[in-house]
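Hi,

Here is the structure we talked about handing over. Please have it open while you read; my notes follow below.

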Amino acid sequence: MAKKPANLIYGVDDKPGWPASFLLGLQHTCVQSISFILPVVIIGVMGGTAEQARNLICMAMIASGVATILQGLNRGPVGSGYLCPLVNGPAFLSASLLAVKTGGLSLVFGMTAVGAVFEALFSRVITRMRAFFPSEVTGTVVTMVGIEIIAIAVPRFCGVDSTHAQASARAILVATITFLCMAGFTVWGRGALRLYAVLLGLLFGYIAAFLLGVLTREHALEIWRTPWFTSPRFAEYGMTFSAALLVPFVVATLSSALKTMGDLTTCQKINDAEWRRPDMKVISRGVLACAIGNLVSGALGALGQSVSSSNIGLSIGNGATSRRIAYTNGIILILLAFVPKLASFFVIMPTPIMGASLIFAVSFMI
């Protein structure tokens, strides 16, 4: 039995009440929403419509929700048993862009499913690879995972995105307010203030964005015009395959699997005060959960899934790593796919708030 570290309010085996679990799961959803930019990028490259982008985001929510729940399972052959949310992984972006240019979305989904098969096979041999992953190696992987996110976070902190090519003073001010609120509640807050530091930071960030004009009346109207309920279109494009794209997707899948190994090592370390080395059996089950998540992604019509390092950083920051939060987080994501009006609050999240949230989370990883 792992010894719970003193800095955790809710350890992996603890069971916070369902209201607290819901709010903590909602915080993780806020951080995961940053990854929804990747479906928009894919649709933009193929010259698709906003409706196609929204449906691809809905499929991403469902696939991420299912994969996150699977990852939280601690009995049976699938699941690491840790709060380790999944998102559309940047590791799959280059291969997916190549596929969508070559054969459209059906090829993206088909090759994502093929990659999942290789990931599942890789998970079966991980237990024999402990000698290749001492603490020095896994520590380096975790650090590099955090550093990788900086290149995404810093431009967004300054308000730079696909529609804004230059930094904005107003955007930087909004990001600074958001970040300081998150950090302040985490460092000096106690109890609920620390647990919900990200939600509180987002609340103050949204208020600042509205007052400073970063969040406009048009954004509010976009939420107003969005329907409450809808039925996403599952497997709309089917799946096709190409031997020529096998290598790019296998490389992307293995890169994602290695990242998962580093992230799950972090989960083990932050949940055990006496941690010494990775438990490769747990990591093997965790990688298999990711593989099944990617198989679900291909079948439903979503992009490849990877473990989110930013969400692990969040769980370190607020001291809540209970696997029950993984279940509520997964359920929230799945429900949001059918309630677009609520999902719109994440879709319109201002770029500087995204950047501030990422920098806050990645600080704990590095």
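I'll start with the second largest cavity, which has a volume of about 30 Å³. Its lining is made up of L38, N88, G89, F92, L93, S96, L303 and G304. By class, that is four nonpolar and four polar residues, with no charged ones. Bear in mind that this is a predicted model.

How many cavities of 30 Å³ or more are there? The count is two.

The largest cavity holds about 70 Å³ of space. Helix 3 (50-72) and helix 4 (93-125) are the elements that give two or more residues to its lining. Helix 3 has the largest share, with four residues.

- Q52, N55, L56 and M59
- L105 and F109
- R233, A235, E236 and Y237
- L300 and G301

Sorted by class, this lining has seven nonpolar, three polar and two charged residues. The lining of the second largest cavity has no charged residues.

Next, helix 8. The helix covers residues 197-211, 15 residues in total. From first C-alpha to last, helix 8 reaches 21 Å. That is close to the 21 Å expected at 1.5 Å a residue.

Which residues of helix 8 are buried? They are A197, V198, L199, G201, L202, G205, Y206, A208 and A209. After helix 8 comes G213, with a positive phi near 85°.

Best wishes

Methods
Residues are numbered from 1 along each chain as its sequence is written. This is a predicted model: local features need pLDDT of at least 70, side-chain atom pairs count only at pLDDT 80 or more; totals for chains, interfaces and linings use all residues. Side-chain values use heavy atoms; hydrogens and water are left out. On a 1 Å grid over the protein atoms alone, a cavity is a set of points where a 1.4 Å probe fits but cannot get out, and a pocket is an open set with protein on both sides within 12 Å along at least five of seven lines; lining residues have an atom within 4 Å of a point. Grid points are joined across faces, edges and corners, and a volume is the space filled by probe spheres set on the points. Ala, Val, Leu, Ile, Met, Phe, Trp, Tyr, Cys and Pro count as nonpolar, Asp, Glu, Lys and Arg as charged, and the others, Gly among them, as polar. The expected span of a helix is 1.5 Å times one less than its number of residues. Buried means under 20% relative accessible area, exposed over 50%, partly exposed in between (1.4 Å probe, protein chains only).
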